[in-house]
Amino acid sequence: MIYTVPVTGVFITNMYFLIDEKTKHGFLIDPGASADLILQVIKRYGFQIEKILITHGHFDHIGAAEIVSNKLRAPIYIHEKGKRYITDPIWNLSEESGLKVVLRDVQYLNHGDVISLESNPNIMVHVIYVPGHTTDSIVFYSKEEKAAFVGDSIFKGSLGRSDFYGGDEVQLFTEVITKILTLPEDTVLYSGHSEPTTVGIERARIYKKVVE
Ligand SMILES: [Zn+2]
């Protein structure tokens, strides 16, 4: 089951819970801000968060990660290229907003890794490396839920931005086409800053644009 919680820092970011209904254990994806709100929701619904997953190291996706991680004793996972972002407030864009967000204690992921719940290993996500928005962008794909948490690589109706540190417009386009839009077309794409969309809808939109 997927729950969306919009969290507000400098920007509004969609934070997600992927929860096993049977055990209430699950993953928390992109705690960008509002640590108190996140912890309240977890308490109210009785969730047990096993791992905190990060789609990329921009500050509006990691801003509350350390506080939430410490409170819940849940480790943080990010792509190995995320080291540059989580240690550098210029690269993670927090400095220009007057903040200095850094993460100290994280575990690193690579393309092809599979992360499953300890309480129910049938609940799992696949790590798909999709650089272009940043050098560390990954997608967490759940086949069972027909869901992909895509961060800022693609939104409903547009691709993500590629003009930040480590961004690359051609790479983003190629990676989205070959690694996200090749998932089953009924896969729901949950992004950092838009309504959900589907692979089918975005594929039709992008190919129409290419043909025009
Ligand atoms: Zn971003």
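S162 is buried in the predicted model, with a relative accessible area of 18%, a value that falls under the 20% limit for burial. This serine lies in the loop between β12 (158-159) and α5. Apart from neighbours within four places in sequence, S162 is in contact with G132, G167, D168, E169 and L172. Two of these partners, D168 and E169, can be described in turn.

D168 is found in the loop between β12 and α5. With a relative accessibility of 34%, D168 counts as partly exposed. When neighbours within four places in sequence are left aside, the contacts of D168 are with G132 and S162. The C-alpha atoms of D168 and G132 are 4.7 Å apart in space, although 36 residues separate the two in sequence. G132 is also among the residues in contact with S162.

E169 belongs to helix α5 (residues 169-180). The side of the accessibility scale on which E169 falls is clear: E169 is exposed, at a relative accessible area of 61%. Between the C-alpha atoms of E169 and K22 there is a separation of 42 Å, and the two residues are 147 residues apart along the chain.

The chain as a whole contains six helices and 14 strands. Its radius of gyration is 16 Å, close to the 17 Å given by the globule rule for 212 residues, so the chain is as compact as a globular protein of that length. Along the principal axes, the C-alpha atoms fill a box of roughly 50 × 40 × 25 Å. Buried residues account for 52% of the 212 residues in the chain. Of the contacts in the chain with a separation of 6 or more, 59% are made by residues 24 or more positions apart.

The largest nonpolar core comprises 29 residues, and those with the most contacts inside it are F17, L28, I38, I49, I52 and V68. Two or more residues of this core are given by each of β1 (2-8), β2 (12-19), α1, β4 (48-53), α2 (59-62), α3 and β5 (76-79). Helix α1 provides the largest share of this core, namely five residues. A second, separate core has 19 residues and includes F27, Y77, V125 and A147.

Packed helices are described by the angle between their axes and the distance between the axes. For helix α1 (residues 35-45) and helix α3 (residues 65-72), the angle is about 35° and the axes are 9 Å apart. The crossing of α1 and α3 is right-handed. On the α1 side, the contact is made by A35, I38, L39 and I42, and on the α3 side by I67, V68, K71 and L72. Seven of the residues in the contact of α1 with α3 are nonpolar, none is polar and one is charged.

Most residues other than glycine have a negative phi. In contrast, S34 has a positive phi of about 55° although it is not a glycine. S34 lies in the loop between β3 (25-29) and α1, and is partly exposed, with a relative accessible area of 25%. R73 likewise has a positive phi of about 55° without being a glycine. R73 is found in the loop between α3 and β5, where it is exposed, with a relative accessible area of 76%.

I128 is found in strand β8 (residues 124-129). This isoleucine is buried, with a relative accessible area of 10%. Leaving aside neighbours within four places in sequence, I128 is in contact with H111, S137, I138, V139, Y141, K179 and L183.

Key:
Residues are numbered from 1 along each chain as its sequence is written. This is a predicted model: local features need pLDDT of at least 70, side-chain atom pairs count only at pLDDT 80 or more; totals for chains, interfaces and linings use all residues. Side-chain values use heavy atoms; hydrogens and water are left out. Axes are lines fitted to C-alpha atoms, for helices over the stretch in contact, and angles run from 0 to 180 degrees between N-to-C directions. Helices (H or I, at least four residues) and strands (E, at least two) are DSSP runs, numbered from the N terminus. A crossing is left-handed if the near helix is turned anticlockwise from the far one by less than a right angle, and right-handed if clockwise. Contact means heavy atoms within 4.5 Å. Ala, Val, Leu, Ile, Met, Phe, Trp, Tyr, Cys and Pro count as nonpolar, Asp, Glu, Lys and Arg as charged, and the others, Gly among them, as polar. A nonpolar core is a set of buried Ala, Val, Leu, Ile, Met, Phe, Trp, Tyr and Cys residues joined through side-chain atoms within 4.5 Å. Buried means under 20% relative accessible area, exposed over 50%, partly exposed in between (1.4 Å probe, protein chains only). The radius of gyration is taken over C-alpha atoms; the globule rule is 2.2 Å times the number of residues to the power 0.38.
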